[in-house]
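At each stop, select what is named and then compare the picture on your screen with the description.

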Amino acid sequence: MHAAVVFLAQLLLAGVRSSTPVLLVLLGETLTQRVGVINLGVEGEMLVGAAGGFAITAVTGNPWLGLVAAMLAGLLLSGAHALLCLGFKVNQIASGVCVLTLGSGLSAYYGAPYVGRQIAGFANPSGFASMPALAPLLAALTPTVVIALAITPMIGVWLYKTRTGLIWRTVGESTEAARMVGIKPWRVQLAGILAGGLLAGLGGAALSVDYTRTWVEGMTAGRGLVAVGLVVVARWNPWLALPAALLFGGSEALYLRLQSLGVTVSPYLLSTLPYLIPLAVLLGSYRSARRTGGMPQELTSIFKGVQ
């Protein structure tokens, strides 16, 4: 019984840490979609954030500067999506794919000198060095984990309890209605896209600077696209972002635990768990969302004809 409790506790802590990069991207994409824009390019933004954050950390030795650089990288790349969608009225799906491809190429090119290198990352507070009982908790609650857990309720309160949050939700429901009450929808949508890019870049840095502490080309391995799908699972609601992200992080932690226990299942098959479980939940959530609603109405125009 005790061993089972310990296993579950370790699995939960590992799942929270593993889900942090996805959670940050999920929160950002939720804000973007809440203003009526979808951004499939978050995978590319996550990659440039991971590469830029790791490079700056490797050069300066300061992981905090790496996080700032990652957020700026994601912000700049999301600006390209904003320019294409809001400026040139390009199809949002096509623009997102272009941004994804651009981010993948830029991160591979500029990250090439850092492939395989290791960094120290964030050090645990020295005051806890004499408290080994807290070691597992400290190992899990790294700075980016704490940041993600802290901003999740902050975004939820802001979106549902403030006037600005109401404006964002209004634009996501109807840009025409927003114009009628004096709101400039393009400004709100620009802010939503940039906020999503900033958090996607931070999610990339959480992966390279804090979680793995290394850089490998394409290391996000589809996490950004998974986050886009999990927005549906979370019903476009920041309050549900953490349990939705834990679908991926918990599945990944379970896969690694099962592999370490020597389960007689192909490791290639086990490695699909973090993607199969969220996909199964997503399919059910999508059907439910179509029946009960929840999707911002401005998004429906993007998917017209897509069944």
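Begin by selecting helix H2, residues 42–60, together with helix H4, residues 92–111, in what is a predicted model. The axes of these two helices come within 7 Å of each other and cross at roughly 20 degrees, and H2 and H4 are therefore roughly parallel. Their crossing is left-handed. To see where the two helices touch, show the side chains of Glu43, Gly44, Glu45, Leu47, Val48 and Ala51 in H2, which meet Val99, Leu100, Gly103, Ser104, Leu106 and Ser107 in H4.

Next, turn to the aromatic rings, of which the structure holds 5 pairs. Select Tyr109 and Tyr110, whose rings are arranged edge-to-face, with 4.9 Å from centre to centre and 90 degrees between the planes. Tyr109 is exposed, with a relative accessible area of 62%, and Tyr110 is likewise exposed, at 57%.

Now move to Trp158 and Trp168, which form another edge-to-face pair, with their centres 4.8 Å apart and their planes at 90 degrees. Trp158 belongs to helix H6 (residues 143–161) and Trp168 to helix H7 (residues 163–173), so this pair ties together parts that are 10 residues apart in sequence.

For the next stop, select Ile119, which lies in the loop between H4 and helix H5 (135–140). Ile119 is buried, with a relative accessible area of 13%. Leaving aside its neighbours within four places in sequence, Ile119 is in contact with Phe54, Thr57, Ala58, Ser208, Val209 and Arg213.

Then select Ser18 in helix H1, residues 2–34. Ser18 counts as buried, at 1% relative accessibility, and, apart from neighbours within four places in sequence, Ser18 is in contact with Tyr211, Gly249 and Glu252.

Continue to helix H10, residues 223–233, where 10 of the 11 residues are buried, so that this helix is largely enclosed by the rest of the structure. The buried residues of H10 are Arg223, Gly224, Val226, Ala227, Val228, Gly229, Leu230, Val231, Val232 and Val233.

The last stop concerns the backbone on either side of this helix. Most residues other than glycine have a negative phi. Ala221, however, has a positive phi of about 50 degrees although it is not a glycine, and Ala221 sits in the loop between helix H9 (185–211) and H10. At 42% relative accessibility, Ala221 counts as partly exposed. Just after H10, Arg235 takes a positive phi of about 60 degrees. Finally, select Trp236, in the loop between H10 and helix H11 (241–260), where phi is again positive, near 60 degrees, in a residue other than glycine. Trp236 is buried, with a relative accessible area of 1%.

Technical notes:
Residues numbered from 1 in each chain as written. Predicted model: local features only at pLDDT ≥ 70, side-chain atom pairs only at ≥ 80, totals over all residues. Heavy atoms only, no water. Axes fitted to C-alpha atoms, helices over the stretch in contact; angles between N-to-C directions. Helix = DSSP H or I, 4+ residues; strand = E, 2+ residues; numbered from the N terminus. Parallel < 35°, antiparallel > 145°, perpendicular 65-115°, else oblique. Left-handed = near helix turned anticlockwise from the far one by under 90°. Contact = heavy atoms within 4.5 Å. Phe/Tyr/Trp six-rings, centres within 6.5 Å; stacked < 30°, edge-to-face > 60°. Buried < 20%, exposed > 50% of the residue type's maximum accessible area, 1.4 Å probe, protein only.
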